Amino acid sequence: EKTGKVLGEFSRCYREQYGVALFNSVRYEIEGNGGPQAQLLHRKVPLEDHVIYSGNLFQYIEENKKWRNRFCVVPHNYGLVLYENKLAYERDLAPRVLLNSAGYKILTSVDQYLELVNSSLPGVMPKSGHSPILKCPTDFPLILWHPCARHYYFCVMTGKEQEKWGAVFQDCVRHCNNGISEDSRVEAPAFTDAIRMYRQSKEQYGTWDMLCGNETQVLSNLVMEELLPELRSTIGPRLKGKAQERQRTWIQISDAVYRLVYEQTKAQYDAMVAKCEQERPQMESIIRTDMDQIITSKEHLASKIRAFVLPKAEICVRNHVQPYISSILEALMTPTSQGFAEVREVFFKEVTDMNMNIVNEGGLEKLVEYMEKLSHLAFHPVKMQSCYEKMDQLKLEGLQQRFDVSSTSVFKQRAQIHMRQQMDDAVYTFETLLHQELGKLQGKDDLCKSIQRILERVLKKYDYDSSTVRKKFFREALLQITIPFLLKKLAPTCKGELARFQELIFEDFASFILVENTYEEVVLQSVMKDIMQAVKEAAVQRKHNLYRDSMVLHNSDPNLHLLGEGIPIDWAEEHAGQPEDTDKRRRAKQVVSVIQDDEGVLPYEVGAEELLQPRSPEPDPAAPPCSPDRVEEIREALAEESLGAGGEAEERLTNADVPSEASVQQAAPSPKPRADVPSEVKVAPATPASPTAKAQTLSPSTTLACHQPSDKETGEEVSPVGSECSPPQPMGTTESGEGVQTEF
């Protein structure tokens, strides 16, 4: 009922905003834009067919209260995919968990987690001395917390591993939070504007932390924002048992409700979008035919609203916004500029180190190997972490409360995404220019000189583009902070009078011109001049390495942009002509191979007694130092260990107590899926195991249904082992001993 009510109101907002967004898109297409042209090239498909990172870590299984070893793989769509072990991944068996981490927070201590859990159910607080809801067998936990959905618990053996996996998880959250595609010029702005209009109709202004994930996830968060408090007040007092049990039960109830809301939301949203798409050709035809009349009608409406609103808006800006613009801008500029400077430094260091290694190790023969690694630098979470960390300094302090900014995380993540994009643009431009030069080079000396020359050329382009991106980011952030504040201030005196302007819009154009949107544009214009002036003055000071607005480079390097339109460079294919192991080339498709502590860690297949008493083993002084990049030995060792462990006992670790005897499970051999599988064999729809589902065992026949996660698999779909033989099971949120977890 609640989902239907919220989606009904949102549907009205979306249909209205869809027409406005379609008109703006067609107008943009006809009139074009006069913004500065980027100097760096943009890679169209950055991580096609690449796995970003993989490695082993422990996961806590709530249903049997045991810690289990899992092999975690993060494909190019940034979903977290957990397998039983590395061998299961290599045999293409179905994963245990598929998780889209949008909306999650990464916690690195149990105390942080317990604080959030205790606050989620008011009035339920465990007594001192009682065991908490979660115990971690090591001092290095990694917990994924969500306000509505299921929580995930992991741990590793050392602090270095915790830092690396923390960077990996943060990268996944950052990418998944940015789930609404910016390539769409109609659906995306229509959706975000509809969300904003809906929340403003509920007197909710300012930034919203849960505007994260794809459209269905965002709408589910919108429903849960209203539904969760009602559930808490209704169900909370009726929960029985100890405080820890009530907290655990509440988490399960919240997750179950969230899944139901998600399913209903997805169906209704898909129907809503399909209906708008069906009407789009007719609407677009009207827009193209009557473009001039629509623009004239809109300008006439804007002039009337401006005469009514602008005097009040200007007073509000002068008294409540203008005095604080410079303070907000300075708070934004310092960490952001430091982050972009760190991106420049990391790029410079990586290219310089590569150049030195080429000099020392053999010239052209080593170039392809290094370029394959460099081409994915922007997507290496550990190497980029020093850039992202600069944004942690962002604090708006008193300004945050004054302007109703619930959290700075929105701005932090946006700046970090810009950093990653600028790094990838710089790397792609560098490798494109270098690839063009390869045929003209003679010897190692020429190669090194060319690398240095191209590096300097790319850095100049990076400085210009990063200045443009940062100035745009500052303007958008200032608007995002000040506009909701102004709308809230002006609402009592202006919003009630807007209805009388509706009669100024021709009925034929009512789908493309909205009074509410035009009113917001007028409010935006009232503050835009001050924001533009503040950013311009900051650029003149050159304090943060910003270019002046007068320095605009138009098509300064046309030949370079023609190169960017060519076939993408595959450095691994360049290397294919040399006698190299094909398996080694295949492994080069992974950005980070195995998250491994440089000083060595305990093996992952260990007994509970060892795990519950973490310690760092003494390295063998006779052994050669191990580099994270030398993964061949690590892979071979893990493969041998996984194969050798097939018939051995598998240790299962309890959350609190050491098990007296490890349960033994015999792994049945599973052949590789064959290419000649009949087309009739299909994978059943995604259904996570129900709480009462029995453990399912692997058999050779079940491997036919196993598959690799695709781009569309963001966690809501996974086939349980043996699903081709099993009927669909009811939606659940748990994992039995051998069941499958799923997430949205």
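Visitor: Is Glu203 buried or exposed?
Guide: Exposed: this is a predicted model, and in it Glu203 has a relative accessible area of 56%, which is over the 50% cut-off.

Visitor: Where is Glu203 in the chain?
Guide: Glu203 is in the loop between helix H5 (187-201) and helix H6 (215-235).

Visitor: And what about the phi of Glu203?
Guide: Phi is near 65° there, so a positive value in a residue other than glycine.

Visitor: Which other non-glycine residue has a positive phi?
Guide: Asp404 is one, with a phi of about 55°. Asp404 lies in the loop between helix H11 (398-402) and H12. Its relative accessibility is 34%, so Asp404 counts as partly exposed.

Visitor: OK, switching topic. What's the side chain of Arg68 in polar contact with?
Guide: The side chain of Glu84, at 2.6 Å. Arg68 itself is in strand S2 (residues 66-75).

Visitor: Why does Arg68 count as buried?
Guide: Because its relative accessible area is 1%, and buried means under 20%.

Visitor: Now the aromatics. How many aromatic pairs are there?
Guide: The count comes to 19 aromatic pairs. Take Trp165 and Phe169: their ring centres are 5.7 Å apart and the planes are at 45°, so that pair is tilted.

Visitor: How are Trp165 and Phe169 placed along helix H4?
Guide: They're 4 residues apart in helix H4 (residues 159-177), so about one helical turn separates Trp165 and Phe169. Both residues are buried.

Visitor: What else is Phe347 in contact with?
Guide: Leaving aside neighbours within four places in sequence, the contacts of Phe347 include Leu377, Met423, Ala426, Val427, Leu455, Val458 and Leu459, along with Phe430.

Visitor: Which residues touch the most other members of the largest nonpolar core?
Guide: Tyr14, Phe169, Phe347 and Phe430, in a core of 157 residues. Helix H8 (residues 291-361) gives the largest share of this core, 24 residues. There's also a second, separate core of 16 residues, with Tyr113, Val117, Leu134 and Ile251 among them.

Visitor: You mentioned Tyr14. Which aromatic cluster is Tyr14 in?
Guide: Tyr14 forms one aromatic cluster with Phe10, Tyr18, Phe191 and Tyr269.

Visitor: Let's zoom out. How many helices and strands are in the chain?
Guide: The chain has 19 helices and 10 strands. It has 744 residues, and 49% of them count as buried.

Visitor: And what share of the contacts between residues at least 6 apart join residues at least 24 apart?
Guide: That share is 80%, going by positions in the sequence.

Visitor: Last one: what does the accessible surface come to?
Guide: About 35000 Å² for the chain, and 51% of that belongs to carbon and sulfur atoms.

Definitions and conventions
Residues are numbered from 1 along each chain as its sequence is written. This is a predicted model: local features need pLDDT of at least 70, side-chain atom pairs count only at pLDDT 80 or more; totals for chains, interfaces and linings use all residues. Side-chain values use heavy atoms; hydrogens and water are left out. A nonpolar core is a set of buried Ala, Val, Leu, Ile, Met, Phe, Trp, Tyr and Cys residues joined through side-chain atoms within 4.5 Å. Buried means under 20% relative accessible area, exposed over 50%, partly exposed in between (1.4 Å probe, protein chains only). Helices (H or I, at least four residues) and strands (E, at least two) are DSSP runs, numbered from the N terminus. Contact means heavy atoms within 4.5 Å. Accessible areas come from the Shrake-Rupley method with a 1.4 Å probe; for residues, only the protein chains shown count as cover. Rings of Phe, Tyr and Trp (its six-membered ring) pair if their centres lie within 6.5 Å; planes under 30 degrees apart count as stacked, over 60 as edge-to-face and the rest as tilted. A polar contact is a pair of N or O atoms within 3.5 Å; within protein, one must be able to donate a hydrogen and the other to accept it, and residues adjacent in sequence count only if both atoms are side-chain atoms.
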